[in-house]
Amino acid sequence: MTQRRKRYDRQFKASAAKVVLSGEMTVKGLSEKLGIKDSTLRRRACEYEEMGDDAFPGNGSPKINKDYEIVKLKKKVGSPGARTGC
């Protein structure tokens, strides 16, 4: 039996990222409460911090975004974030 991958909408991802970036909850605490991996939540917070409302295009995959290569390069060059370790 194969395991189905959970999908979350853009608003859910952005809201979770905002909570982490605001410092309301820790990444670990929120990830446990939401039932998602803390590494996934950290990555989403980094993406939201970097791209703002343009984060999470399409089904959440940056590969769908026409500017995927630019996003990928920005992630490589980007400076680390204090709370999230981006």
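Tutor: Let's start with a definition: helices are DSSP runs of H or I with at least four residues, strands are DSSP runs of E with at least two, and both are numbered from the N terminus. This is a predicted model, where local features need pLDDT of at least 70 and side-chain atom pairs count only at pLDDT 80 or more, while totals for chains, interfaces and linings use all residues. Residues are numbered from 1 along each chain as its sequence is written, and side-chain values use heavy atoms, leaving out hydrogens and water.

Student: How far apart are aspartate 38 and arginine 42 in helix H3?

Tutor: They are 4 residues apart, which means that about one helical turn separates them.

Student: What makes the contact between aspartate 38 and arginine 42 a salt bridge?

Tutor: A salt bridge needs a side-chain nitrogen of Lys or Arg within 4 Å of a carboxyl oxygen of Asp or Glu. Here the N to O distance is 3.2 Å, so the pair meets the rule. In general, side chains of opposite charge can pair when their charged atoms come close.

Student: How many salt bridges does the structure hold?

Tutor: There are 2. Glutamate 47 also forms one with arginine 43, where the closest N and O atoms are 3.1 Å apart. Both residues lie in helix H3, about one turn from each other.

Student: Why is glutamate 47 put in its accessibility class, and what about arginine 43?

Tutor: Buried means under 20% relative accessible area, exposed means over 50%, and partly exposed lies in between (1.4 Å probe, protein chains only). Glutamate 47 has 4%, so it counts as buried. Arginine 43 has 41%, so it counts as partly exposed.

Student: How do you know that the buried residues of H2 line one face of the helix?

Tutor: In helix H2 (residues 27-34), Val27, Leu30 and Ser31 are buried. Seen down the axis, these buried residues fall within an arc of 100°, so they line one face; the arc is that of the directions from the helix axis to the C-beta atoms. On the other side of H2, Glu32 and Lys33 are exposed.

Student: What do the buried residues of H2 pack against?

Tutor: They pack against helix H1 (10-22) and helix H3 (38-51), contact being heavy atoms within 4.5 Å.

Student: Why are tyrosine 8 and phenylalanine 12 called a stacked pair?

Tutor: Rings of Phe, Tyr and Trp (its six-membered ring) pair if their centres lie within 6.5 Å; planes under 30 degrees apart count as stacked, over 60 as edge-to-face, and the rest as tilted. The count comes to 1 aromatic pair. Tyrosine 8 and phenylalanine 12 are 4.7 Å apart, centre to centre, with 15° between the planes, so they are stacked.
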